[in-house]
Amino acid sequence: MRFRRTAAAALALAAAFAVAPASAQEKTAFKLGWSIYVGWMPWGWAADNGIVQKWADKYGITIEVTQFNDYIESINQFTAADYDAVTVTNMDALSIPAAGGVDTSVVIVGDYSNGNDMVIAKGAGSVADLKGERINLVELSVSHYLLARALESAGLSERDVTVVNTSDADLVAAFATADVTTVVTWNPLASEILAGGAGRSLFDSSQIPGEIMDLTVAKTEVLAANPDFGKALAGIWYETMAVMTAESAEGEAAREAMGEASGTDRAGFEAQLAATKLFATPEAGVAFIESPDLSTQMETVRTFLFDKGLLGQGAPSPDVIGIELADGTVLGDGGNVKFRFPATYMKAAADGAL
């Protein structure tokens with residue numbers, strides 16, 4: 001189950017956890033939180049198979065890797081300073097820790113959704129046909145964002161539809177009722193709905209490539225004082241990627257284990273991977289993070305968050321939080337940079353400098 005997609009509604013919790021930046025200090029024990037999603041399963045597998053231990057030992061540190069069943073809670077633990085790193089989407093990293101005052105840096109861009117998120121309808125033949133429809137989704141989640149982008153593609157806006165907030169746990173059952181004609185959700189829920197034969201996908205995340213990113217982030221000051229932590233995370237990630245993506249018995253076994261851990265099987269896991277643009281090598285991650293497209297993608301995301309009131313109470317514009325891109329340019333307030341996209345650790349991996 002993709003718990004991660006319910007997180008944006010936790011803005012009030014983020015505000016409650018807002019803290020002043022901690023003084024940078026060296027340390028040797030670190031904590032990373034992750035939650036169930038196809039693009040983040042490698043963290044649990046790496047912990048179970050000794051890869052986390054191997055890289056932590058290399059740098060003389062310890063890394064505690066903890067699975068959270070509640071994605072919101074994992075981000076709140078990161079925001080509250082209990083965790084040094086967490087898996088999170090770009091949208092939620094900006095709206096929760098960054099908006100809560102925690103300076104956050106990307107360590108790894110793991111992937112972006114490339115079809116895993118869908119707008120599914122029973123009767124409508126196109127997005128334009130959704131005008132006047134009631135649409136069930138998890139409000140203020142990336143599903144809400146996907147709907148906004150879909151409507152925009154057809155010259156519509158949210159004023160042309162009625163959004164019905166629905167728990168992700170209820171969406172499959174809701175679509176089976178006569179009253180619900182359109183839902184927006186993610187895999188594996190979307191695949192389950194389509195398998196029922198009553199709906200068709202009108203729009204999916206492959207039509208907004210790069211906008212729904214899956215990241216591993218860490219506190220900026222923790223990385224500044226402890227760069228070996230970032231190097232270890234990169235080492236763990238790309239060694240695991242090499243195994244997971246291998247067309248070998250070892251690779252199949254890894255995908256099987258990750259599938260089972262996420263509530264499916266190898267075939268189900270591989271189907272979700274097929275709808276994910278995975279950056280399996282550090283070179284691919286660097287190319288993405290250094291692309292000029294990143295500025296456009298984050299501009300769209302931050303505008304949506306501002307429109308929904310998710311950049312902080314009383315935020316006067318999307319510029320309230322500075323977003324530093326890989327080349328050092330800043331979207332928004334350069335005096336309040338709280339979300340950063342350095343290529344530092346992916347480059348170190350690409351250069352063989354870990």
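**Close-up views of a predicted model**

View 1. Residues are numbered from 1 along each chain as its sequence is written, and side-chain values use heavy atoms, leaving out hydrogens and water. Five of the five residues of strand 5 (residues 117-121) are buried, so the strand is largely enclosed by the rest of the structure. Helices (H or I, at least four residues) and strands (E, at least two) are DSSP runs, numbered from the N terminus. Strand 5 pairs antiparallel with strand 8 (residues 182-186) over five bridges; pairing takes at least two DSSP bridges between two strands. Threonine 185 in strand 8 is the bridge partner of methionine 118. Four bridges also join strand 5 to strand 9 (residues 200-204), again antiparallel, with arginine 200 in strand 9 as the bridge partner of alanine 121.

**View 2. Two aromatic pairs.** A search of the whole structure finds 10 aromatic pairs (Phe, Tyr and Trp rings, the six-membered one for Trp, with centres within 6.5 Å; planes under 30 degrees apart are stacked, over 60 edge-to-face and the rest tilted). The ring centres of tyrosine 112 and phenylalanine 288 are 5.8 Å apart and their planes meet at 35°, so this pair is tilted. Tyrosine 112 belongs to strand 4 (residues 104-113) and phenylalanine 288 to helix 13 (residues 282-289), 176 residues apart. Tyrosine 145 and phenylalanine 304 make an edge-to-face pair, with 5.2 Å between centres and 85° between planes. Both partners are buried: tyrosine 145 has a relative accessible area of 1%, and phenylalanine 304 has 7%.

**View 3. The buried side of helix 13.** Pro282, Gly285, Val286, Phe288 and Ile289 are buried in helix 13. They cover an arc of only 165° around the axis, which puts them on the same side of the helix; the arc is that of the directions from the helix axis to the C-beta atoms. The buried residues of helix 13 pack against several elements, including strand 4, strand 10 (213-219) and helix 14, where contact means heavy atoms within 4.5 Å.

Key
Predicted model: local features only at pLDDT ≥ 70, side-chain atom pairs only at ≥ 80, totals over all residues. Buried < 20%, exposed > 50% of the residue type's maximum accessible area, 1.4 Å probe, protein only.
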